[in-house]
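Hi,

Here's the structure I promised to pass on.

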Amino acid sequence: MAHILRHRLLQQLSSAVNNAKLPSACLQVQADATRGHLMLRLPLLQQALAEDTVPVSNEAVKDAIHSVDSAAIITAKGPVVYVTLSPAVLAATVQPLLQHRMTPIDDYRPAVYTVVQPTSSPSKHIVIEFSSPNIAKPFHVGHLRSTVIGNSLSHIHQACGHHVTRLNYLGDWGRQFGLVEYGFRHYGTQELLASKPLQHL
């Protein structure tokens, strides 16, 4: 939802400089939000203005940002300004989209929305497999990742009118457990099994 707020901030910055047309490159959404959600490049902002235009003041930039998010955290590093949006504004931006099943048309017009309608083609029965862990091995973050992705895809297909079956397949474990049993009978000990069962097996 940072794309939507980026669009709003570009509009506010344009208003601050006599409605000048600003290049989208001067304000970018950060892939890594460690420093901030948005990155404003002041040199690109200034280049978009006429040569006789008074340079954009820091106060004008600050006011434009706070008009979009009054609680935003602004961090300046040389000619670059990083903007960390507040959780409240991010939540308020995404909530109506979720309630009305609306989505931005594209990244270039992020303030324009379209309602997601069920597909006109016949409804399909779609099976989506989640993490399908190997129950003979410990769980790890990859299982959580694929489960989150699978659940998201399930919601998308359901919103399009399809019937979705979510599946977490626990199979192909007969051979693994056979090897575990063979290994324990020949190399295992009850002491290690009691203290570190998963690691020992």
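First, a term you'll need: a salt bridge is a side-chain nitrogen of Lys or Arg within 4 Å of a carboxyl oxygen of Asp or Glu. This is a predicted model, so local features need pLDDT of at least 70 and side-chain atom pairs count only at pLDDT 80 or more, while totals for chains, interfaces and linings use all residues. Residues are numbered from 1 along each chain as its sequence is written, and side-chain values use heavy atoms, leaving out hydrogens and water.

By that rule, the count is one salt bridge. Arg185 and Glu181 make it with their side chains, at 2.7 Å from N to O. They sit four residues apart in helix H6 (residues 174-187), so about one helical turn separates them. (Helices are DSSP runs of H or I, at least four residues; strands are runs of E, at least two; both are numbered from the N terminus.) Arg185 is exposed, at 64% relative accessible area, and Glu181 is partly exposed, at 42%. Buried would be under 20%, exposed is over 50%, and partly exposed is in between (1.4 Å probe, protein chains only).

Now the sheet. Four strands form an open, antiparallel sheet in the order E1-E2-E4-E3. Its edge strands, E1 (27-29) and E3 (73-77), each pair on one side only. Strands count as paired if DSSP finds at least two bridges between them. E1 and strand E2 (residues 38-41) are joined by three bridges, and Gln28 stands opposite Met39 in E2.

Happy browsing!
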